[in-house]
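Open the model in your viewer and keep the selection tool at hand. The stops below say what to select and what is there.

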Amino acid sequence: MRSKIIGTTLPVLELQLDAGDRIVGVPDQLSWMSGDIALTTSTAGGGAGGLLGLMSRAVSGGGLFMTEFHAERGPGNVAFAAKLPGSFVEIEIEPGRGYLVHRHGFVCGSPGIEVTTAFQQTLGGAVFGGEGFILQKLAGRASAFVELSGELVTYELQAGQQLLVHPGHVGLFEESVSFELTTMRGIRNALFGGDGLFLVRLSGPGKVWLQSLTAPGLAHAISSYLPERRG
């Protein structure tokens, strides 16, 4: 399998599969494909181990179903277009070296990928469309691609070094990084519907990828230009 990133602002991830290659991804992520590619959609992909594993993946944003793209007798291409301006990040996952990523961040990966919920916290009805703060965990042994929005800022945190980050800007971090949700009082934030600003405390060691664009921030910025609901 070979990967190619096409474009800059709204990039496209194109994967070139040789005969016999397979990848798994969320069904609604596919943009286009060509060549000898067969699709199989089921609940079995993405490391879903039984009902609990399936529900954990669904809550994380991975969905109940996964689609396997299989180059059967010859080569083929599969393409995934970014949903927001941003970047695709490729990561290598091994046992004991997993990653946590923002909800809906996982795009696709090789068949050894395991997608589950790592964390879920309600932050109020106005936050992230009422979904709260949710992190996916990517584990197993696989190559995977993650979509992050806006510009990327990376930090290599040393042991004990900390970052306080707005939840929407948390893009991706190694599982060696510990995290907790905390509140800063006295700061009124319209995105969070009242007093107090929720922040995520990330503590090293490990690598962190932060994203500059958040979907709630984008929605808030354009909300005054949208027509008012009536009735």
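Begin with Thr67, which counts as buried because its relative accessibility is 3%; buried means under 20% relative accessible area, exposed over 50%, and partly exposed in between (1.4 Å probe, protein chains only). This is a predicted model, in which local features need pLDDT of at least 70 and side-chain atom pairs count only at pLDDT 80 or more, while totals for chains, interfaces and linings use all residues. Residues are numbered from 1 along each chain as its sequence is written, and side-chain values use heavy atoms, with hydrogens and water left out.

Thr67 sits in strand E5 (residues 66–81); helices (H or I, at least four residues) and strands (E, at least two) are DSSP runs, numbered from the N terminus. Show the side chain of Thr41 as well: the side chains of Thr67 and Thr41 make a polar contact at 2.8 Å. A polar contact is a pair of N or O atoms within 3.5 Å; within protein, one must be able to donate a hydrogen and the other to accept it, and residues adjacent in sequence count only if both atoms are side-chain atoms. Not counting residues up to four places away in sequence, Thr67 touches Ile23, Val24, Gly25, Pro27, Leu39, Thr40 and Thr41. Contact here means heavy atoms within 4.5 Å.

Next, select Gly35 in strand E4 (residues 32–42). Gly35 counts as exposed, at 63% relative accessibility. Leaving aside neighbours within four places in sequence, Gly35 is in contact with Pro75 and Gly76. The C-alpha atoms of Gly35 and Pro75 are 6.1 Å apart, although 40 residues separate the two along the chain.

Zoom out to the whole chain. It has two helices and 17 strands, and 43% of its 231 residues count as buried. Of the contacts between residues at least 6 apart in sequence, 77% join residues at least 24 apart.

Which residues have the most contacts inside the largest nonpolar core? They are Ile91, Ile93, Phe106, Ile113, Leu138 and Leu172, in a core of 18 residues. Strands E6 (86–93), E7 (99–102), E9 (113–121) and E11 (142–149) each give two or more residues to this core, and the largest share, four residues, comes from E11. A nonpolar core is a set of buried Ala, Val, Leu, Ile, Met, Phe, Trp, Tyr and Cys residues joined through side-chain atoms within 4.5 Å. Center on Ile91: beyond four places in sequence, it touches Tyr99, Leu138, Ala142, Ser143, Ala144, Val146 and Leu172. Apart from this core lies another, of 14 residues, among them Leu17, Phe69, Ala71 and Val78.

Move to His102 in strand E7, which counts as buried at 16% relative accessibility. A polar atom of the His102 side chain lies 2.9 Å from the backbone oxygen of Glu147. Outside four places in sequence, the contacts of His102 include Ile134, Leu135, Gln136, Val170 and Gln211.

Now select Glu147 with Lys83. The two form a salt bridge, with the closest N and O atoms 3.1 Å apart; a salt bridge is a side-chain nitrogen of Lys or Arg within 4 Å of a carboxyl oxygen of Asp or Glu. Glu147 is in strand E11 and Lys83 in the loop between E5 and E6, 64 residues apart.

A second pair to show is Lys137 and Glu175, whose side chains meet in a salt bridge (3.4 Å, N to O). Lys137 lies in strand E10 (residues 133–140) and Glu175 in the loop between strand E14 (170–174) and strand E15 (178–189), so the pair ties together parts 38 residues apart in sequence. Salt bridges that share partners also join Asp36, Glu72 and Arg73 into one network.

Two backbone stops remain. Most residues other than glycine have a negative phi, and most peptide bonds are trans. His104, in the loop between E7 and strand E8 (106–109), has a positive phi near 70°. Gly204 and Pro205 are joined by a cis peptide bond, with omega about 20°; Pro205 is in the loop between strand E16 (194–203) and strand E17 (206–211).

Finish at Ile222 in helix H2 (residues 215–222), partly exposed at 39% relative accessibility.
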